[in-house]
Every structure is written in C-alpha cells, then in structure tokens.
Amino acid sequence: MTEKVCVVRTNLWIDPVFDELLTGHDHIELRIIDVKASAQEWYDTLKHAHYYHVSAAKDELPAGLFVTEALLNHCPRLKGVSSSGAGYDTIDVAACQARQITVVNQAGGNANSVAEMALGLLLAVSRKIVESDRVLVAQHASSREALMGHEVAGKTLGLIGIGHIGRRFAQIATALGMNVLAYDPYLTSQDIDERQAQPVSLDTLLAQADIVSLHCPLNNDTRNMFNADRFRAMKPGAIFISTARGGIHNEADLHAALNSGHLAGAGLDVWRQEPPAADNPLLGHPGVVATFHTAGVSHEGRHNVARMAAGQILLMAEGKTPPHVVTS
Ligand code: NAI
C-alpha cells in the first residue's frame with residue numbers, strides 16, 4: 001500500500017473549502033494541530049507532515065508553531081510549507097531553502113479584498129466618516145463644516161509596491177478619476193505602465209502624492225522605511241494608508257507627523273504589535289481610522305486563499321510546480 005500524503009494545519013479558523021478539497025482525495029491524510037496543545041503534541045503530529053499549512057499572521061499563531069529551524073528539526077518528512085496568505089512572516093524562508101523545502105504563498109488570493117479595504121480606509125479618512133461617527137455617538141456635533149473632508153477624484157495616489165494588491169488598487173483608483181503613481185524597484189517602467197500607474201522614483205512619489213498607500217512586503221529593505229524623514233517628505237496635508245505590514249512605518253514618527261498637522265490623516269490596518277495595545281496613541285486619534293489586520297479577511301478573500309492553498313498542496317503532492325512558489 002502506498003503511503004498517504006500527510007497535510008498538517010492548525011485549528012485556527014480556515015474556510016471549509018480547504019478541508020473539502022484535500023479530503024476529497026484518497027491519497028491525502030489531513031491532520032489538525034490544536035494551537036493550545038503542548039509543544040510535544042504539536043511535534044507528534046508534525047513528524048508525519050509532508051506539507052504544513054501555516055497562518056501568515058504572526059500574532060495569531062503561537063511562536064512555537066512558526067516555521068523556524070527549531071520546528072523544522074521536528075519535521076523530518078516535510079516537503080512543503082504553505083502560508084495562509086500573501087505574506088510569510090511566520091516562515092523562515094532561508095531555513096526552508098537550505099533543506100530544499102518548497103514554500104508557497106497565496107499571493108493574489110485576497111488582493112481584491114485588501115485593495116477594497118485600502119480604498120475604504122482612504123475614503124473614511126478623506127471624508128472623515130469615522131470621525132463624524134465618533135462625534136455623533138458622543139453627541140458633540142458642532143457644525144457640518146467642522147467635518148468637511150476632501151473628494152478623492154482628481155487627487156494623486158502614490159502606491160509603494162504595485163504587485164497583486166497595488167495593481168488592483170490602481171484599477172479602482174483610476175476608475176474613481178485619481179492619478180496613480182507607483183514606486184516599485186523590482187518592476188520595469190513598462191510593467192508599471194501596464195498596471196495603470198505612472199512609474200516614478202520614491203522621492204517624486206512622496207513629493208507629489210496626496211495619498212501614499214503601502215503595498216510592499218515587510219523585509220530588511222522596507223523595515224522602518226516610513227520614518228520621520230519620509231513622512232516629512234510627504235506633501236503637507238497628505239494621507240498615509242497601510243494595509244501592508246506593521247514595521248514598515250514607524251508608529252511613533254507617524255503619530256508625530258499627524259500631531260504636528262503635517263499629515264492630515266492615516267488609515268491603518270497593520271501594526272507593529274497586533275492587536276495594538278489599548279494605549280497606542282494612534283488609536284482614537286481624530287485623523288486615524290484603524291482596523292485590525294482585517295483587510296484580507298473578507299468571506300471571499302478567505303475562501304479564495306483557502307482554495308488556492310489546497311490546490312497548491314495537491315499540485316506539490318503530485319510532484320508538480322505550484323504557481324506561487326516563494327522558494328524551492
Ligand atoms: P506582491 O508580491 O504581489 O506585490 C508586492 C510588490 O511590492 C511587488 O511588486 C514588489 O516588487 C514590491 N516591492 C518589494 N519591495 C519593495 C520596495 N522596497 N519598495 C517598493 N515596492 C517593493 O504582494 P501583494 O499580494 O500585492 O501583497 C503586498 C503586501 O500586502 C504583502 O507583502 C503583505 O504583507 C500585505 N498583505 C496584507 C494583508 C492584510 O490583510 N492587511 C493581506 C494580504 C497581503
């Protein structure tokens with residue numbers, strides 16, 4: 001009898017389509033780890049794993065279940081690691097590469113959800129929708145003019161990174177009558193043109209954009225990229241949006257740029273620590289609209305990434321190359 005292919009996932013919420021697709025195949029065996037179990041129980045399951053599907057959200061997964069050198073020592077059969085999202089902060093890609101373990105992500109699966117959330121944050125900040133709600137709930141309404149915001153049509157949107165999500169946001173923004181600039185050092189000018197944006201340098205983008213929106217990964221090049229100098233280089237009255245990753249923008253520097261009045265507002269879905277501490281000064285700031293890493297967490301986004309992940313695992317199990325390989 002041929003050995004079954006063992007897929008391990010945690011019991012964190014996942015759209016049911018993941019299990020349905022995998023368990024529909026006789027040669028696949030699905031095992032589920034309880035994130036609250038002991039490390040020894042995790043390892044007892046992981047020692048069987050050929051493929052490990054792991055959450056991409058660093059603060060919802062116990063650190064002991066991150067794909068690290070230490071965890072890999074307990075996974076002698078592992079051939080592939082599947083990140084639940086587009087990011088893969090919970091996976092030591094170099095350690096996997098060294099052991100020839102394939103890493104896949106689900107890039108693009110929730111791109112539309114994230115782009116729509118970036119637009120939602122932009123409109124909420126620009127038209128003071130959340131601020132208006134807070135004022136009404138507290139019954140402190142003074143005048144409508146005190147809550148006068150700006151239209152986005154005719155404004156310039158600057159995208160930092162124009163991959164799956166940036167590209168979708170560029171389409172949406174173009175449809176709304178915005179001018180779209182993009183800075184992406186890994187794409188050619190022609191690629192960026194084809195994605196409905198004007199390719200520019202980072203300095204030009206910061207000098208010209210009315211709204212700057214981050215759509216690049218967190219890595220050694222982008223960590224702390226948006227610091228006091230970069231906020232200072234943005235236009236007075238500009239809006240900052242991030243649905244990318246906490247750590248790319250410096251929260252204290254952003255707070256200072258908002259408090260000084262240099263920036264008009266910020267829409268933030270991602271945080272250095274998630275969820276942010278209740279006393280994080282950005283929370284409740286009148287110019288800030290805050291969400292909790294939910295940009296990709298729509299019913300459609302979660303369904304798409306779960307379906308995509310199961311499909312990629314099935315391809316790997318058949319010895320085929322899946323479409324979204326981070327390293328192999
Ligand atoms: P992607 O890989 O398709 O696109 C990322 C783009 O960023 C690429 O075109 C790349 O060339 C560019 N890039 C890399 N380094 C850069 C730099 N230093 N400056 C400017 N651009 C740079 O990824 P996708 O799917 O568009 O996702 C983007 C990011 O969004 C992910 O890395 C992830 O961190 C975040 N994300 C957040 C979610 C949420 O729920 N808030 C959900 C999904 C993704």
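Strand β6 (residues 156-160) and strand β9 (residues 211-214) run parallel and pair over four bridges. Here, two strands count as paired if DSSP finds at least two bridges between them. Helices (H or I, at least four residues) and strands (E, at least two) are DSSP runs, numbered from the N terminus. What you see is a predicted model, in which local features need pLDDT of at least 70 and side-chain atom pairs count only at pLDDT 80 or more, while totals for chains, interfaces and linings use all residues. Residues are numbered from 1 along each chain as its sequence is written, and side-chain values use heavy atoms, with hydrogens and water left out.

- Contact means heavy atoms within 4.5 Å, and angles run from 0 to 180 degrees between N-to-C directions of axes, which are lines fitted to C-alpha atoms, for helices over the stretch in contact.
- Helix α11 (residues 251-259) also packs on the sheet, touching β10, β11 and β12, and its direction makes about 140 degrees with that of β11.
- The open sheet has seven strands, in the order β8-β7-β6-β9-β10-β11-β12, with parallel pairing.
- At the edges stand β8 (198-199) and β12 (288-290); each has a single partner strand, so one side of each lacks a neighbour in the sheet.

**The protein as a whole**
- There are twelve helices and 13 strands in the protein.
- The C-alpha trace spans about 75 × 45 × 35 Å along its principal axes.
- Of the 328 residues, 47% count as buried. Buried means under 20% relative accessible area, exposed over 50%, and partly exposed in between (1.4 Å probe, protein chains only).
- Among contacts with a separation of 6 or more, 64% come from residues 24 or more positions apart.

**Strand β1**
- All six residues of β1 (residues 5-10) are buried: Val5, Val7 and Arg9 point one way, and Cys6, Val8 and Thr10 the other way.
- In a regular strand, side chains alternate between the two faces of the sheet.
- Strand β1 runs parallel to β2 (residues 28-33), joined to it by six bridges. Cysteine 6 has glutamate 29 of β2 as its bridge partner.

**A buried serine and an exposed asparagine**
- Serine 55 sits in the loop between β3 (51-54) and α3 (69-72), and it counts as buried because its relative accessibility is 6%.
- The side chains of serine 55 and glutamate 60 make a polar contact (2.7 Å). A polar contact is a pair of N or O atoms within 3.5 Å; within protein, one must be able to donate a hydrogen and the other to accept it, and residues adjacent in sequence count only if both atoms are side-chain atoms.
- Asparagine 220 lies in the loop between β9 and α10 (228-233), and it is exposed, with a relative accessible area of 71%.

- Most residues other than glycine have a negative phi, and most peptide bonds are trans.
- Glutamate 274 and proline 275 are joined by a cis peptide bond, with omega about -5 degrees. Proline 275 is in the loop between β11 and β12.
- Lysine 128 has a positive phi, near 55 degrees, and is partly exposed at 23% relative accessible area.
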